[in-house]
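This briefing is meant for a reader who is meeting the structure for the first time.

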Amino acid sequence: MSTDVRTGLVVRNLVVDVATRHGWSEVLHGVSFEIAPGETLGLVGESGCGKSITAMSILRLLPRRSARIRSGEIVLDGIDLTGLTERELRRVRGDQVSMIFQEPMTSLDPAFTVGDQIAEMVRRHRGVSRAEARRRAVELIDRVGIPEPERRATHYPYQFSGGMRQRVMIAMAISCQPTLLIADEPTTALDVTVQAQILGLLRQLGQEHAMSILLVSHDLGVIAGNASRMAVMYAGEIVEGGSRRDILGAPQHPYTDALLRSLPSRSEGGRLASIPGVVPPLGDLPAGCLFGPRCGHFDEALCGRQRPGLRDHTDGRGVRCARLGDLTLTGGVP
Amino acid sequence: MTTAEPDSVLSVTGLSKTFRTGRGRRRHEVRAVVEAACRIGRGETFGLVGESGSGKSTLARLVSRLIEPDSGTIMLGGTEFSALAGSELRAARRHVQMVFQDPYSSLDPSWTVGDIVAEPIRVHERVGTAERGERVVELLRSVELDGDVAGRYPHEFSGGQRQRIALARALALSPQLIICDEAVSALDVSTQAAVLNLLSDLQRERGLAYLFISHDLAVVRHIADRVAVMYRGSIVEVGQARTVSDHPLHPYSQLLRDSVPVIAADPPVPPLVAPARRTGAAEAGCPFVDRCPAALDVCSHVMPPLAETSRGHWVACHAVELQVRTPLEESRA
């Protein structure tokens, strides 16, 4: 299963359907991105844009009855994960790829001490002795900055605060030194001062272990401070991808532009820019550009007939806008 | 800042609340709000920021008398709201309304939007069905919804629209004060912006005052005129929203400001913040002492009072007081 070739993660043309009352309905319309070894990619978008479905698809964690990967490739270090059996995939989960979620309490078993839970993970994937697994668990608890690791290893999840619980989850996630860590809104339930600590820890671990991180968040600030490259999602598509500096400094897609302009931190008194309308409902997508009905730059002839492809802009930048090049967008931040 | 000025909508002094749970050895006390004081003027937005457990929602519940304080006074205009009981209390409640965080649980799913918005009118006023219906339509229009949504149910609406419905209900009795408890926190930024704009418009049109509670410093900085920062039950800093957000003086407010992720193309490297050493609720002394980089000996014994460091800017910190006082006294000498 494991290879020595580390090429990172490549997701190509991922199409995912979810079950609705009227049958299967497409929610991801061909999502593509890459994460190099040791790199952090930020996936940002508003609720319902498909960012969590994308994250869950990588480890095939979506419930089989309500979601399916229709087509596309998910290649990690040269191996296509979509082609693996459930049994093979179980070995990848937690070993090469780990995932942390928004609410650590639901991911931890309340009936076992955190030390036992981390040790179990190590034993399952590394086949070491009980004593050795135990020793590594304490080491990991120390590694993620939890004070008094020996004593804390004997505590149950309810004895930890939200931030400390997320540290436990991170300890478990890095226990087998994965090459890819998927962090889905890892700090959304936490206070801002605790968020700063957790994000700091992730940055530090990412660098030390040369771990690739897929950081999923609705918060542009979280992405800005932690990802060198980013992708903006809207209605199941990546509408703009590239380096953080390019995208935040000079957005080329009207959605990214509008998102940046609606931030309260941009206000100097006065009114905020908002985006009119709502995300198109599943199964009732517009014929042309998915953002078209809410876009201030919509042009029926250019945007209303067919869905724009992801057009290459400059170095690694992709923008899904038919009017790319003839718009002047001013929403960039310094 | 503790005297009730004639034009104030709300004036709170010495408000405290301790929650007690368990018995005997399992007895546990949480000092949720400690000696809180604030004043909100007519047409003013007063922001309240703090982390979870800081007591900001408890303060909101005390102010609206959803829960009873252990001590303290709450003045609504010229009326001592905290002294009212029975029918007088019920009548006075119309002046303070609330909008909560979760637009999915604060609206009864089995009621139509029209019934939800009409309920306060039905409870507090004797008006005919026809007039009530007209007022509901008017209220819905004032929050930029079509009057004909009255017959529909909450599940048919998005989060932002539901928050507009909750706002229409809060406006039904023309209150002087609306308490927004994390009212925009669950919304996406683009929707949040529209609701924040609506709140500003309604304030201008109706002279409303808001007590705006949020964990989000950027949102409070945008909407509030003045802001108070709460930490473990105590208000540690009060002042103009811009001043407190951009140039906070209290070490906790500074930590809060530094923790907010900066949205920039080239963001500064965020500071590495040490986790809190949990010591439980401090009985005496400053609640922030165990995390404070500027702590003095006195801080663990004596709770610093709110002191005015410049006009309208109040800080509860021994270290800040020392800094502010010293040059003053030197210049006098």
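Strands here are DSSP runs of type E with at least two residues, numbered from the N terminus. By that rule, B:Lys17 belongs to strand S1 of chain B, which covers residues 8-21. The model is a predicted one, and the points below are grouped by topic.

**Chain B as a whole**
- Chain B contains 10 helices and 12 strands, and 51% of its 333 residues count as buried.
- A compact globule of 333 residues would have a radius of gyration near 20 Å, and the 21 Å of chain B agrees with this.
- Taken along the principal axes, the box filled by the C-alpha atoms of chain B is roughly 70 × 55 × 50 Å.
- Among the contacts in chain B with a separation of 6 or more, 63% are between residues 24 or more positions apart.

**Helix H1 of chain B**
- Helix H1 (residues 56-63) is largely enclosed by the rest of the structure, because six of its eight residues are buried.
- The buried residues of H1(B) are B:Lys56, B:Thr58, B:Leu59, B:Ala60, B:Leu62 and B:Val63.
- After H1(B) comes B:Arg65, which has a positive phi, near 60°.

**The surroundings of B:Lys17**
- Although B:Lys17 is buried, it has no salt bridge, and B:Asp70, the nearest side chain of opposite charge, is 4.1 Å away.
- Setting aside neighbours within four places in sequence, the residues in contact with B:Lys17 include B:Thr58 and B:Leu62, as well as B:Glu68, B:Pro69 and B:Asp70.

Notes:
Residues numbered from 1 in each chain as written. Chains lettered and ligands numbered in written order. Predicted model: local features only at pLDDT ≥ 70, side-chain atom pairs only at ≥ 80, totals over all residues. Heavy atoms only, no water. Helix = DSSP H or I, 4+ residues; strand = E, 2+ residues; numbered from the N terminus. Buried < 20%, exposed > 50% of the residue type's maximum accessible area, 1.4 Å probe, protein only. Lys, Arg positive; Asp, Glu negative; His and termini not counted. Salt bridge = Lys/Arg side-chain N within 4 Å of Asp/Glu carboxyl O. Contact = heavy atoms within 4.5 Å. Rg over C-alpha atoms; globule rule 2.2 N^0.38 Å.
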